[in-house]
Every structure is written in structure tokens, then in C-alpha cells.
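This report describes selected features of one protein model. The sequence and structure are shown first.

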Amino acid sequence: INKWKTQFILPALLVGSIIPDIEVIPLYYFTNGKIDRLIFHSIIGAITIGSLLTIILVMIFYPILVSFIFKIRISEIKQKCRFSTLLIISSIIGNLSHVIIDATSHEYNPLFYPLSSESINFFRISDNLVFDYQIITVILAILFLLILFSSLRKGLKGFWKRMLLGPI
């Protein structure tokens with residue numbers, strides 16, 4: 001998404017794209033394996049709670065963590081992670097991208113939760129979950145490799161900045 005529209009905030013897209021999965025382990029544990037996706041995997045949950053959590057994590061923890069691990073100046077990271085309309089929009093897009101991608105290859109997709117807990121399978125590729133999962137995995141792996149090699153072609157200098165902050 002950030003390669004297509006560079007004005008979006010890459011940290012918010014990255015964090016937002018993983019936020020929905022923070023509910024998987026607790027839900028699975030507390031429901032004895034019956035449910036592993038719910039509010040964060042719904043459109044309403046992704047736009048509201050998921051995006052709010054993304055914004056908080058991006059503004060507070062992302063700069064500290066990325067600066068510490070990848071030795072990027074924290075001031076550069078904070079500049080990219082400051083509160084703005086684009087940060088909100090990027091957080092929403094990151095969360096929704098996860099929800100929609102999951103909806104192509106998972107059995108249970110509570111897209112309209114809490115209005116309905118029914119599975120919405122409109123985005124499913126086929127009736128074969130294994131095939132769906134494999135297709136999505138291959139597509140995402142190819143996209144990741146294209147982005148990785150594109151960034152590596154620009155050299156190693158600034159590699160982590162490009163991968164974790166996008167254009168500054």
C-alpha cells in the first residue's frame with residue numbers, strides 16, 4: 001500500500017496489519033478453541049478499536065522499539081509517527097487490509113461483528129480452505145520479495161529506514 005501511495009504512514013500500515021491477530025490466542029484459549037477471530041477481525045472493530053490501538057502503539061512504542069533494535073534516530077521515527085489525519089487513515093487501512101486478506105482464506109469471518117456473529121464468506125477464493133490459504137500465502141510472499149528486492153536495489157544504506165518508515 002505504501003509503495004502505491006507513499007503519503008500513507010508506513011509504521012501505521014505495518015502495525016495496523018498485525019493488530020487484528022492480537023485477539024487470536026486469548027479468544028482461542030478462553031473459548032476452548034471454538035473462536036479465534038471476533039471484534040478485531042470485523043470491519044467495525046478494525047476501524048475503531050484496532051485503529052485506536054494502532055495509533056497508540058505507533059505514536060508511543062514504535063519509535064522506541066525501532067530506534068533501539070535498528071539504530072535509527074528516534075527523532076526521525078517520531079517525525080513519521082506523529083498524530084495526523086494520515087496516521088488515522090493509515091491505521092484504518094492497515095487494520096482493514098488484514099481483515100480483508102484474512103477473509104479470503106479463513107473459515108470464520110465475523111466481518112459484521114458485533115452487529116452479527118455470522119461468517120461472511122464473500123471474499124473467499126474457493127470452498128477449499130487449504131487452497132485459499134496457499135494462494136494468499138504465495139501472493140503475499142511474492143509481494144514481500146518484490147518490495148524487499150526493490151529496497152535492496154537502492155543499496156544497504158538506509159535499508160531499514162525504507163523498510164520501517166517509508167519515504168521521509
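How many salt bridges does the structure hold? The structure holds four salt bridges, a salt bridge being a side-chain nitrogen of Lys or Arg within 4 Å of a carboxyl oxygen of Asp or Glu.

## Basis of the model

This is a predicted model, in which local features need pLDDT of at least 70 and side-chain atom pairs count only at pLDDT 80 or more, while totals for chains, interfaces and linings use all residues. Residues are numbered from 1 along each chain as its sequence is written, and side-chain values use heavy atoms, with hydrogens and water left out.

## Salt bridges

Arg73 and Glu76 pair through their side chains at 3.2 Å, N to O. Glu76 also forms a salt bridge with Lys161, with the closest N and O atoms 2.7 Å apart. This second pair links distant parts of the chain, since Glu76 belongs to helix α4 and Lys161 to helix α7, 85 residues apart. Through shared partners, Arg73, Glu76 and Lys161 are joined into one network. Helices here are DSSP runs (H or I, at least four residues), numbered from the N terminus.

Glu76 counts as buried at 12% relative accessibility, Lys161 as partly exposed at 30%, and Arg73 as exposed at 55%. Buried means under 20% relative accessible area, exposed over 50%, and partly exposed in between (1.4 Å probe, protein chains only). Another salt bridge joins Asp36 and Arg37 at 2.4 Å, N to O.

## Helix α6

Helix α6 has 25 residues and reaches 36 Å from its first C-alpha to its last, close to the 36 Å expected at 1.5 Å a residue; the expected span is 1.5 Å times one less than the number of residues. Its buried residues, Asp132, Ile136, Leu148 and Ser151, pack against α5 and α7.

Asp132 has a relative accessible area of 0%, and its side chain makes a polar contact of 2.6 Å with that of Ser126. A polar contact is a pair of N or O atoms within 3.5 Å; within protein, one must be able to donate a hydrogen and the other to accept it, and residues adjacent in sequence count only if both atoms are side-chain atoms.

## Nonpolar surface patch

A nonpolar surface patch of about 830 Å² includes Ile101, Ile125 and Phe131. Helix α6 (residues 129-153) provides its largest share, eight residues. Patch residues have over 30% relative accessible area and no salt bridge, with nonpolar side chains (Val, Leu, Ile, Met, Phe, Trp, Tyr) joined within 5 Å. Ile125 lies in the loop between α5 (85-103) and α6.

Methods: Patches are made of residues with over 30% relative accessible area and no salt bridge: like charges are joined within 9 Å, nonpolar side chains (Val, Leu, Ile, Met, Phe, Trp, Tyr) within 5 Å. Accessible areas come from the Shrake-Rupley method with a 1.4 Å probe; for residues, only the protein chains shown count as cover. Helices (H or I, at least four residues) and strands (E, at least two) are DSSP runs, numbered from the N terminus. Contact means heavy atoms within 4.5 Å.
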